[in-house]
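Visitor: Can you walk me through this one? I'd like to start with the open spaces and then go on to the sheets.
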Amino acid sequence: EKQGYRHFMLKEIHEQPSVVRTCLEAYINPDWHSQNSDEENPITLNLKPEIYEDLEHIQIVACGTSWHASLVGKYLLEQIAQIPTFVQYASEYRYAPSPMMRNTITIGVTQSGETADTIAALEMERQRRSSCDRTYQARILGITNRPESTLGGMVDQVINTYAGIEIGVAATKTFVAQVIAFYILALDLAGRRKTITPSRMEEILKGLLQLPTQIEQIIHSEEPKIRDLAHQFPDTKDFIFLGRGINFPIALEGALKLKEISYIHAEGYPAGEMKHGPIALLDAHVPVVAIAMGGSVYEKVISNAQEAKARDARLIGVLPQNHHEDMFQDTLIVPEVDEILSPILAVIPLQLLSYYIASMRGLDVDQPRNLAKSVTVE
Ligand code: F6R
């Protein structure tokens, strides 16, 4: 049921505060404080002990939006838990797998748990490991919204994202929930491997628990603005999304959402790569969305946006509060948070922007042409 919303996609965007809350509550012990940190890990993921044993690498296979969530996951696993992590497109990996690595967790990330390429890549991985010694065994995980799916039946353990069923073809709440699952996994591993101080752990946990309210705030303050902004692109044919660091995958995701449901050509790029090619596309007809979320790469993204401005691009900024920059024609404002948490907030205005551009064009947002909710063919 759409419960008064025009489309399931909009309903699902609005459900994100509660989805994030549910996922966090499932895995975080709210009574944990850094002072009693000797006692236990604040994360209750309950993975089997052999999954953690001598862990050296993590390898992730996924498609589409789940692949984007995995790229954020890589950042978290490497920066918080210090584990070298590789993210692969399942459709590529199944035909060109990397050489086998011992003591490596392989994670399939799929909201539906039915994506043919992801399932096939994991099956291939499972089979080739089965003839090896035990350092290769029992290390296949799934991150999914549907533990009862095909994926759930074939992996050694599932991390449930608890997003609830998603009907809109464009993934929104399931993406956010997958990213939350990666925070949980990264913090769990970091706690066990002592790659994080208890006080930093507490800081990130506190930040995570604020996210639901902050997402609500963004929807409340930015949705009316984005609805108006969407009317300004009736004939736009191309969009560029720029982000860096942990928000580079969010640029990819913003572009994917827009192309899927509005059929506008859009590219997501790491902001620093723009000058190596895509800058040639820019003129007054190509809006550029720059995700400048504060933190270590803020100045860099701003200067990349300036390069776009110099080519007459219409600039839209996704910015934290109190960072207004004059060069942006439009700004989508989100609460200022720790850089490590910023992707969850940055993606919200981009979901809304793609939704309102598509709906303003009168398109079938929930069932875009040529797409299916779960891609069970190769
Ligand atoms: C994006 C989208 C697709 C899926 C992809 C993987 O909005 O819906 O790109 O993300 O088909 O699907 P799952 O996660 O079910 O494996």
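This is a predicted model: local features need pLDDT of at least 70, side-chain atom pairs count only at pLDDT 80 or more; totals for chains, interfaces and linings use all residues.

Visitor: OK, how much space lies in the largest pocket?
Guide: About 560 Å³. Its lining has 29 residues, and Cys63, Gly64, Thr65, Lys373 and Val375 lie nearest the centre.

Visitor: Which elements give two or more residues to that lining?
Guide: Those are α4 (64–79), α6 (116–130), α8 (173–193) and α10. Helices here are DSSP runs of H or I with at least four residues, strands are runs of E with at least two, and numbering goes from the N terminus.

Visitor: And what does the pocket lining have by class?
Guide: Eleven nonpolar, twelve polar and six charged residues. Ala, Val, Leu, Ile, Met, Phe, Trp, Tyr, Cys and Pro count as nonpolar, Asp, Glu, Lys and Arg as charged, and the others, Gly among them, as polar.

Visitor: How many cavities of 30 Å³ or more does a search find?
Guide: One. The largest cavity has a volume of about 40 Å³, and its lining includes Arg244, Asn247, Met293 and Glu339. That lining divides into four nonpolar, three polar and two charged residues.

Visitor: Switching to strands: why is β3 largely enclosed by the rest of the structure?
Guide: Because six of the six residues of β3 (residues 104–109) are buried, meaning under 20% relative accessible area with a 1.4 Å probe and protein chains only (exposed is over 50%, partly exposed in between).

Visitor: Which way do the β3 residues point?
Guide: Thr104, Thr106 and Gly108 point one way, and Ile105, Ile107 and Val109 the other. In a regular strand the side chains alternate between the two faces of the sheet.

Visitor: What does β3 pair with?
Guide: β1 (residues 57–62) pairs with β3 in the parallel sense over six bridges, with Ala62 partnering Val109. Four bridges join β3 to β4 (residues 140–144), also parallel; pairing takes at least two DSSP bridges. Across that pair, Ile107 stands opposite Leu141 and Thr106 opposite Ile140. Five of the five residues of β4 are buried too.

Visitor: What's the order of the five-strand sheet?
Guide: β7-β6-β8-β9-β10, open and parallel. Neighbouring strands are turned by 15 degrees on average, direction ignored. Angles run from 0 to 180 degrees between N-to-C directions, with axes fitted to C-alpha atoms, for helices over the stretch in contact.

Visitor: Which helix packs on the sheet, touching β9 and β10?
Guide: That's α9 (residues 198–230), whose direction makes about 165 degrees with that of β10. Contact means heavy atoms within 4.5 Å. Helix α10 (residues 248–262) lies across β6, β7 and β8, at about 175 degrees to β7.

Key: Residues are numbered from 1 along each chain as its sequence is written. Side-chain values use heavy atoms; hydrogens and water are left out. On a 1 Å grid over the protein atoms alone, a cavity is a set of points where a 1.4 Å probe fits but cannot get out, and a pocket is an open set with protein on both sides within 12 Å along at least five of seven lines; lining residues have an atom within 4 Å of a point. Grid points are joined across faces, edges and corners, and a volume is the space filled by probe spheres set on the points.
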